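This report walks through one protein chain, part by part. Please keep the sequence and the 3D view open while you read.

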Amino acid sequence: MGSSEIRANVAERVRSALKTQGRSQLSLSLEIGIPNTTLGRKLAGHIDFTVSEVFAIARALSVPASDLLPDTLPRNGEN
């Protein structure tokens, strides 16, 4: 799984969690302190989420951070 696939996977998991909880992108952006336009680009898979953002999102959505991350990550030296 390459970095663009990881980015897309995380974005999909966050979008899914938002939808499941009936939350809007705007409400999440306000709660975690990311500008809505930036969050939109991250949710579209154009920009990576930082580790601290993943934890902030998990906290805001009351889900384990692991639920927002891919099941597998590349090994050292793999893309």
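Ser-62 is exposed, because its relative accessible area is 67%, where exposed means over 50%, buried means under 20%, and partly exposed lies in between (1.4 Å probe, protein chains only). Ser-62 lies in the segment after helix 4, and it has a positive phi of about 55° although it is not a glycine.

This is a predicted model, in which local features need pLDDT of at least 70 and side-chain atom pairs count only at pLDDT 80 or more, while totals for chains, interfaces and linings use all residues. Residues are numbered from 1 along each chain as its sequence is written, and side-chain values use heavy atoms, with hydrogens and water left out.

## The chain as a whole

Helices (H or I, at least four residues) and strands (E, at least two) are DSSP runs, numbered from the N terminus. Of the 79 residues in the protein chain, 33% are buried. The accessible surface of the chain comes to about 5000 Å², and 51% of this surface belongs to carbon and sulfur atoms; such areas come from the Shrake-Rupley method with a 1.4 Å probe, and for residues only the protein chains shown count as cover.

How confident is the predictor? The mean pLDDT of the protein chain is 91, and 90% of its residues reach 70 or more, where pLDDT is the predictor's confidence in each residue, from 0 to 100. Among the elements of the chain, helix 3 has the highest mean pLDDT (98), whereas helix 1 (residues 3–21) has the lowest (94). Contacts (heavy atoms within 4.5 Å) can also be sorted by distance along the sequence: among those between residues at least 6 apart, 61% join residues at least 24 apart.

## Helix 2 and Ser-29

Which residues of helix 2 are buried? They are Leu-28, Ser-29 and Ile-32. Seen down the axis of helix 2, these buried residues fall within an arc of 100°, so they line one face of the helix; the arc is that of the directions from the helix axis to the C-beta atoms. An α-helix has 3.6 residues a turn, so residues three or four places apart point the same way. The buried residues of helix 2 pack against helix 1, helix 3 and helix 4, and helix 2 is followed by Gly-33, whose phi is positive, near 80°.

Ser-29 has its place in helix 2 and counts as buried because its relative accessibility is 3%. Leaving aside residues up to four places away in sequence, Ser-29 touches Ile-34, Pro-35, Asn-36 and Leu-39.

## Helix 3 and Asn-36

Asn-36 has its place in helix 3 (residues 36–43). Is Asn-36 buried, partly exposed or exposed? Asn-36 counts as partly exposed because its relative accessibility is 30%. Not counting residues up to four places away in sequence, Asn-36 touches Gln-25, Leu-26 and Ser-29. Asn-36 and Leu-26 are 10 residues apart in sequence, and their C-alpha atoms are 5.7 Å apart in space.

The buried residues of helix 3 are Leu-39, Lys-42 and Leu-43. Seen down the axis of helix 3, its buried residues fall within an arc of 95°, so they line one face of the helix. The cover over these buried residues includes helix 1, helix 2 (25–32) and helix 4 (51–61). Just after helix 3, Gly-45 takes a positive phi of about 85°.

The largest pocket has a volume of about 200 Å³. On a 1 Å grid over the protein atoms alone, a cavity is a set of points where a 1.4 Å probe fits but cannot get out, and a pocket is an open set with protein on both sides within 12 Å along at least five of seven lines, while lining residues have an atom within 4 Å of a point. Grid points are joined across faces, edges and corners, and a volume is the space filled by probe spheres set on the points. Of the 13 residues that line the largest pocket, Ile-6, Val-10, Phe-49, Val-54 and Leu-69 are the closest to its centre. Helix 1 gives the most to this lining, with four residues, and helix 1 and helix 4 each supply at least two.
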